[in-house]
Every structure is written in C-alpha cells, then in structure tokens.
Amino acid sequence: MEPLAAREIQILSLISEGLSNREISQKLFLTTGTVKWYNKQIFRKLGVSSRTQAAATGRVLGLLPPSRGPGA
C-alpha cells in the first residue's frame, strides 16, 4: 500500500467524522474540487470505492482511532 500523506490522513479523519466535501473544504480552507481530488487519492491508495470503506480501512490500518459507538 502506498502511504497516505499527512493531509490525506487529515481529510480521511474528517471523512470518518461524517463531514461532507463542502464542510471539509470550509474547515481546511480548500476548494471543494481539491477535497474531491484528495478523496480520489485516498480511495486509490486504500483500494476502496466509498467514504465508508475508506474510514473503515483507515481504522483497520491504524490511521484513525477506533470507532466509538453512539453516545460514546
């Protein structure tokens, strides 16, 4: 697997929090198009095709903290 850059991990973390591309772009002062480009790079590097798969794979690989259940 090709390693994720720090910015890609940051975006993956925000994806895992359920933020939309627009919300991520506003939070990180990026254009929505740039966020979409990062999403494609993240998906390619992780070998996934959805935001949910990316977040789950990120947790399995230790790139993100374990998921906390509702109310946690």
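1. The accessible surface of the protein chain amounts to about 4,600 Å², and 55% of that area belongs to carbon and sulfur atoms; accessible areas come from the Shrake-Rupley method with a 1.4 Å probe, and for residues only the protein chains shown count as cover. This is a predicted model, in which local features need pLDDT of at least 70 and side-chain atom pairs count only at pLDDT 80 or more, whereas totals for chains, interfaces and linings use all residues. Residues are numbered from 1 along each chain as its sequence is written, and side-chain values use heavy atoms, with hydrogens and water left out.

2. The protein chain holds 4 helices and 0 strands (DSSP runs, H or I of at least four residues for helices and E of at least two for strands, numbered from the N terminus). Along its principal axes, the C-alpha trace of the protein chain spans about 30 × 30 × 20 Å.

3. Of the 72 residues in the protein chain, 33% are buried, where buried means under 20% relative accessible area, exposed over 50%, and partly exposed in between (1.4 Å probe, protein chains only).

4. Leaving aside residues up to four places away in sequence, Ile-42 touches Leu-4, Glu-8, Ile-11 and Leu-12, contact meaning heavy atoms within 4.5 Å.
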